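Reader: I would like to go through some of the terms used for this model and see what each one rests on.

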Amino acid sequence: MELLNNLGMGLGVALSATNVFYCFLGALLGTLVGVIPGIGVLTAISMLFPLTFTLGPTTALIMLGGIWYGTTYGGSTASILLNIPGTPANAVTCLDGYPMAQQGRGGVALFMTTVASFFGASVGVILLMLFSPVIAGYALKFGSAEYFSLMLMGLVAASTISEGSAVKGLAMVALGICFGLVGMDTQSASARFTFGSLGLLDGISLIALAMGVFGVAEVIMSIRRVNATAIDRESVSLRAIKPTRDDMRRSWFPMIRGASMGSFFGTLPGTGPSIAAFLSYAVEKRIAKEPERFGKGAIEGIMAPEAANNAADQTAFIPTLSLGVPGSATMALMLGALMIHGIAPGPTLITSQPELFWGLIMSFWVGNVILLILNIPLIGIWVRMLLIPYHILFPAVLLFICIGAYSTTFNALTVWQVFFFGAVGYAMRIFGFPGAPLLLGFVLGPLMEEHFRRAMVLSRGSFATFFERPVSGTIMAITGAILIWGVWTSYKLSKRREVYAQDV
Amino acid sequence: MRTIKRLLAGAALALGLAQSAAAVDFPTGTVTLVVPYSPSGNTDIFARHLATALQERWGHPVVVENKPGGGSMVGTAYVSQSKPDAHTILMTTSAYATAPAVYKDLPFNPETDMKPVGIFGYIAYILIVNADTGIKTLEEFVEKAKGSDMFAATAGLGTTTHFGMEKFLSDAGLDLEVVHYKGGGDAMVAILSKEADIYDTSVATAGDQIKAGALNALAVMDDKRVTALPDVPTTAEVGYPDVQIRQWLGMFVPSGVSDEVVTFINSEVNEVVSSQAFLDVVAPIDINIETSSVPDVTARLAREMENWKKLAVERGISK
């Protein structure tokens, strides 16, 4: 009963004219920022942060929150239509989203990712609403050993994420981990591969790597596709967004699995939507009956990651609001917006600031409904974006990528990184090396290393820590099972091929 | 419309005259406060409030520019290499004094390439432990920690929390293993989950967990108690008078800037931060305001850097 009262009060706060306005503003801005490749949520929130000095804390957070989850809604648009991810969390959506668009099913893909986003977000908000303190307590069970095991499992599960040669995929994972080594070592402060540059002390920029490998490389590739603008108007009409019955049938379970994985990773500080999206894609591909459909426009390949990253966006608020621990730089900004008003988030926030807590949560519903309503008619407009000649569209995309990269660090070095990774990405495309495993290695590698090192300090050098701790041990066991299963299936596959070859 | 413009121009001219009548001709254009951290931290918020107040006072735009990275060293290096006309001012923290002890190959010399304008505020640090341990006082902790296999957490190598912790361990004669986390949030999780046993942090970040009974505050690492936690004794009160660390907020300019200009900015900022209006806006972020003269700050900074360097060598932090 108390919950209902709280929800009622929260809804009252969320539905006040000011808050609805700022929620709409945030959601709209988030969508735009998401659609534009390169300009990410951190940039948008940093720029609008000074505005929160004058807004009340609840309103400020409602607006910043709107930008935060709005970005993830918009982020899939460019992935699907241009093969350039709007944000790193949408990179994996390129794999099947872009083939769908090439098959004239871009409208369907956009419509369905909006549905997946809404579904994922709803699951996340429900968890946030009902179980925040419980989940926050659970997140504390994850120490460094558990993080390492989890990241290792992710790497093992997702190593075959992309199409084509497994060896090339693994090579890219390894290269990604190598790029992740750049920067200052957290336990000894020695600078690694920085070549004396202070700007590289914090490592290579994720935005620069993702936008270079996916964005810039795609732009360079397009130069060679002369007739790229020849898109028939029929495929971009609003009628073309209607999914088939088969699409619907195939989407349910990936969406549910994606949302649950996203919710899980969202609650763990330091992980978040990118990892959630990658791993849920990997899971879909692994359990699919016909994994060969992936990478060629399988709808499961866009539904799972888009549900996952949106769910993770919502559950990321759990550690932030109920422990006072921000899981990412963006969440730290949101905490900052509370701090300037003298509110220190922590376990008592729910009871000491009920209007803020419940108002914010109910605003998530308002915001997600706004986004759902906003995004469906926008599909027609986004798809028309493809009618812009590439010689105008792509230079603009490059410009936005540079602005986006620059504004994360305010350092020109980050822009150079974009071009470096653009060149790397182009070379990779030419030689048929996939980009997704590179990004995966880059995201997981440094996390793995950091937690491995710390777990070893905490266990005083005993490797047994990864197997003795119950949660970590369980994850390790699952990882082992995945490995064995992987070897077994490939063995069976080669056996079958042998038989097949003999028949022929 | 035209008259208004003329009036404004006249007013601007009058302001300009008033300024040139003063001892120094500063500022002559836009002043940039460089914050070597991302937006939304204490330093950033402090700088933004200060910029607004100084802009009103000086009649020239004062803008905040964030140059995060390298534990504040990226932004610091940037200002050290800027034109020494004091139109680019570094607004940083005590990391200015601590970080050089661990970062090698800095492209500037923190002792000679820059000079302090002043220290204008500080954040007090407290030593915290998980409440489940039942440890309520620093004496109890030291007793339990002697010869045990406990861990001390920091928010990263070379941060103020790191040096504060090392100073405490050194003075208390403890040799706990020091574990570095990536930022204060991760370190806080480590204490809450009992992965690490003791951590030093600001009152603002730990306050709510203390209120909720999840953490115990053992001591304030300063010579004054903090208003938010009136019952928590200072380190001096419980026998560690030298375990004092303040995350201060200070301004620096390249050393080419003339002493007159530095003194001018010092007195201007001192006046702004002591005003009631400013106290009101920074009160929510738990920043204590302090004012000081340029010679005092210069001496204090030299002393601090000397101490930290010594500690870094003693504790094997620097290489």
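**Terms and what they rest on**

Author: Within E8(B), B:Val220 is the bridge partner of B:Ile126. This is a predicted model, in which local features need pLDDT of at least 70, side-chain atom pairs count only at pLDDT 80 or more, and totals for chains, interfaces and linings use all residues. Residues are numbered from 1 along each chain as its sequence is written, and chains are lettered from A and ligands numbered from 1 in the order in which they are written. Helices (H or I, at least four residues) and strands (E, at least two) are DSSP runs, numbered from the N terminus.

Reader: What makes E4(B) and E8(B) a pair, and in which sense do they run?

Author: Two strands pair if DSSP finds at least two bridges between them. E4(B) and E8(B) have five bridges, in the antiparallel sense.

Reader: Why is strand E8 of chain B described as largely enclosed?

Author: A residue is buried if 20 or more other C-beta atoms lie within 10 Å of its own, exposed if 12 or fewer, and partly exposed in between, with C-beta atoms placed from the backbone. In strand E8 (residues 215-220) of chain B, six of the six residues are buried, so the rest of the structure largely encloses it.

Reader: Why is B:Ile135 called buried?

Author: B:Ile135 has 20 C-beta neighbours inside 10 Å, so it counts as buried. B:Ile135 sits in the loop between strand E4 (114-130) and helix H5 (138-145) of chain B.

Reader: Which residues does B:Ile135 contact, leaving aside its neighbours within four places in sequence?

Author: Contact means that the C-beta atoms of two residues, placed from the backbone, lie within 7 Å. On that basis B:Ile135 is in contact with B:Val129, B:Glu140, B:Phe141, B:Lys144 and B:Asn216.

Reader: Why are H4(A) and H14(A) called roughly antiparallel?

Author: Axes are lines fitted to C-alpha atoms, for helices over the stretch in contact, and angles run from 0 to 180 degrees between N-to-C directions. Angles under 35 degrees count as roughly parallel, over 145 as roughly antiparallel, 65 to 115 as roughly perpendicular and the rest as oblique. Helix H4 (residues 57-82) and helix H14 (residues 329-339) of chain A pack at about 165°, with axes 9 Å apart. H4(A) and H14(A) are therefore roughly antiparallel.

Reader: How many residues does each chain give to the contact between chains B and A?

Author: Chain B gives 44 residues and chain A gives 42. On the side of chain B that touches chain A, H8(B) gives the most, with six residues.
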